[in-house]
Amino acid sequence: MSITIRYFASLREQIGRGEDRLDAAGIATVDAAWQRLHGTPLPARVLAAVNQEYVGAGHALTDGDEVAFFPPVTGG
C-alpha cells in the first residue's frame, strides 16, 4: 500500500511538485519518508502533519497515512 506526501507553500515551489506517493513498506516514521524522497534528514524547521495533525519527525506512519510538509512560519 502507500503513503501520500504533500508539500505546501515554498516547499512545493522548491521541490517542484505538490505530491509524492511512497510504498509504505519500510517507512516507519515521518523522517524516514522525507529521507526516502530527499536523501537527507528532515530539516529541523520544516513542520510535518500526519492526517491533518501536527507531529514530530519521529512520528510512526502506517499504510494509508497522508503526510504534509510545511515550510517554517514566521510571525510577529
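## Nonpolar core

A nonpolar core is a set of buried Ala, Val, Leu, Ile, Met, Phe, Trp, Tyr and Cys residues joined through side-chain atoms within 4.5 Å. In this predicted model, the largest such core has 18 residues. Ile5, Val30, Leu61, Val67 and Phe69 have the most contacts inside this core. At least two core residues come from each of strand E1 (2-7), helix H1 (9-15), helix H2 (30-38), strand E3 (47-50) and strand E5 (66-70).

Val67 can be followed in more detail. Leaving aside residues up to four places away in sequence, Val67 touches Ile3, Thr4, Ile5 and Arg6, along with Val30, Ala49, Val50 and Leu61.

## Strand pairing around E3

Strand E3 runs antiparallel to E5, and 4 bridges join the two. One of the residues involved is Leu47, whose bridge partner in E5 is Phe70.

E3 is also joined to strand E4 (residues 53-55) by 3 bridges, again in an antiparallel arrangement. Here Ala48 has Val55 of E4 as its bridge partner. E3 and E4 make up a hairpin with 2 residues between the strands. In the turn, Asn51 has a positive phi of about 50 degrees.

## Surface patch

On the surface, a nonpolar patch is formed by Leu47, Tyr54 and Val73. Together these residues have about 350 Å² of accessible area.

Val73 lies in the segment after E5. Val73 counts as exposed because its relative accessible area is 69%, and the cut-off for exposed is over 50%.

Note on methods. Residues are numbered from 1 along each chain as its sequence is written. This is a predicted model: local features need pLDDT of at least 70, side-chain atom pairs count only at pLDDT 80 or more; totals for chains, interfaces and linings use all residues. Side-chain values use heavy atoms; hydrogens and water are left out. Buried means under 20% relative accessible area, exposed over 50%, partly exposed in between (1.4 Å probe, protein chains only). Contact means heavy atoms within 4.5 Å. Two strands pair if DSSP finds at least two bridges between them. Patches are made of residues with over 30% relative accessible area and no salt bridge: like charges are joined within 9 Å, nonpolar side chains (Val, Leu, Ile, Met, Phe, Trp, Tyr) within 5 Å. Accessible areas come from the Shrake-Rupley method with a 1.4 Å probe; for residues, only the protein chains shown count as cover. A salt bridge is a side-chain nitrogen of Lys or Arg within 4 Å of a carboxyl oxygen of Asp or Glu.
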